[in-house]
Amino acid sequence: MTYVDGFVAAVPTKNKEVYRAHAKKAAAVFKEHGALKLVECWGDDVPEGKITSFPMAVKCQQDETVVFFLDYLAVARSARSRHGESHVGSTVAT
């Protein structure tokens, strides 16, 4: 069975390369825990919504960029219950 986890964060725009270096190191950990592929999407023109949006969800400031990242996991049916436990608090992508 395949799962997709998605995470949204606001990253200070001036720290993009610092964030990417951290994400690259952490990606190895995700892969150790079953991630097949990691995708990182940096906001280019992400409008703030009237009711909800990615910028609103992460309280994005003027000097920050919204980042949406996904990890694709192949998880055995017997390991399904561990899926949520292994990704609590994880925020990484490459």
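This report walks through a predicted model of one protein chain, with a closer look at helix α1.

## Ground rules

Residue numbers start from 1 along each chain as its sequence is written. Because the model is predicted, local features need pLDDT of at least 70 and side-chain atom pairs count only at pLDDT 80 or more, while totals for chains, interfaces and linings use all residues; side-chain values use heavy atoms, with hydrogens and water left out.

## Overall layout

The chain has three helices and three strands, in the order β-α-β-α-β-α from the N terminus. Helices here are DSSP runs of H or I with at least four residues, and strands are runs of E with at least two.

Of its 94 residues, 32% are buried (under 20% relative accessible area, 1.4 Å probe, protein chains only). Take the contacts (heavy atoms within 4.5 Å) between residues at least 6 apart in sequence: 77% of them join residues at least 24 apart.

## Helix α1

The buried residues in α1 include Y19, A23 and F30. After the helix comes G34, with a positive phi near 105°.

## Confidence

Mean pLDDT (the predictor's confidence in each residue, from 0 to 100) is 81, and 78% of residues reach 70 or more. Helix α2 (residues 54-57) scores highest at 93, and helix α3 (residues 80-86) lowest, with a mean of 54.

Note on methods
The expected span of a helix is 1.5 Å times one less than its number of residues. Buried means under 20% relative accessible area, exposed over 50%, partly exposed in between (1.4 Å probe, protein chains only).
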